[in-house]
Amino acid sequence: MTSDEIRFKAADLLEAHPDAWQQGAYRTAIAPGRYAYCLVGACREVVGYYDANAAYAATASAPHVAPTIWNDTPGRTREQVIAALRAI
């Protein structure tokens, strides 16, 4: 799977339901069989391991900031994270 495919599938995960995105943790159970993810957690969920290339590609607009820090920046929104994952 390419980094682009990973990012697009991660965006799909975050769009699955309104509370699918979170800050401060990779993955959290929010209901039976339903989870919330950060940007890195969503990429990790898609492939079963951390794909640094996919996560860093999504945050290319901030090249000197780790994807986890970018995701957890105060004021960051779910929409911004999804847009970053879908950006080419």
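Read along the sequence, the protein chain of this predicted model follows the pattern α-β-β-α-α-α-α, which comes to 5 helices and 2 strands, where helices (H or I, at least four residues) and strands (E, at least two) are DSSP runs numbered from the N terminus. The radius of gyration is 12 Å, close to the 12 Å that the globule rule gives for 88 residues, so the chain is as compact as a globular protein of that length; this radius is taken over C-alpha atoms, and the rule is 2.2 Å times the number of residues to the power 0.38. Along its principal axes the C-alpha trace spans about 35 × 30 × 20 Å.

Because the model is predicted, local features need pLDDT of at least 70 and side-chain atom pairs count only at pLDDT 80 or more, whereas totals for chains, interfaces and linings use all residues. Residues are numbered from 1 along each chain as its sequence is written, and side-chain values use heavy atoms, with hydrogens and water left out.

Buried residues make up 36% of the 88 residues, with buried meaning under 20% relative accessible area, exposed over 50%, and partly exposed in between (1.4 Å probe, protein chains only). In helix H5 (residues 78–86), the buried positions are Arg-78, Val-81, Ile-82, Ala-84 and Leu-85. Seen down the axis of H5, these buried residues fall within an arc of 160°, so they line one face of the helix; the arc is that of the directions from the helix axis to the C-beta atoms. The buried residues of H5 pack against helix H1 (3–15), helix H2 (39–47), helix H3 (52–58) and helix H4 (67–72).

Helix H4 also holds Asn-71, which touches Trp-21, Gln-22, Gln-23, Cys-38, Leu-39, Arg-76 and Val-81, not counting residues up to four places away in sequence, a contact being heavy atoms within 4.5 Å. Among contacts between residues at least 6 apart in sequence, 51% join residues at least 24 apart.

| Residue | Class | Relative accessible area |
|---|---|---|
| Asn-71 | buried | 0% |
| Ala-87 | partly exposed | 42% |
| Pro-32 | exposed | 84% |

Pro-32 is found in the loop between strand E1 (27–31) and strand E2 (34–37), and its C-alpha atom is separated by 28 Å from that of Thr-73, 41 residues apart along the chain. Ala-87 has its place in the segment after H5, and the C-alpha atoms of Ala-87 and Leu-39, 48 residues apart along the chain, are separated by 13 Å.
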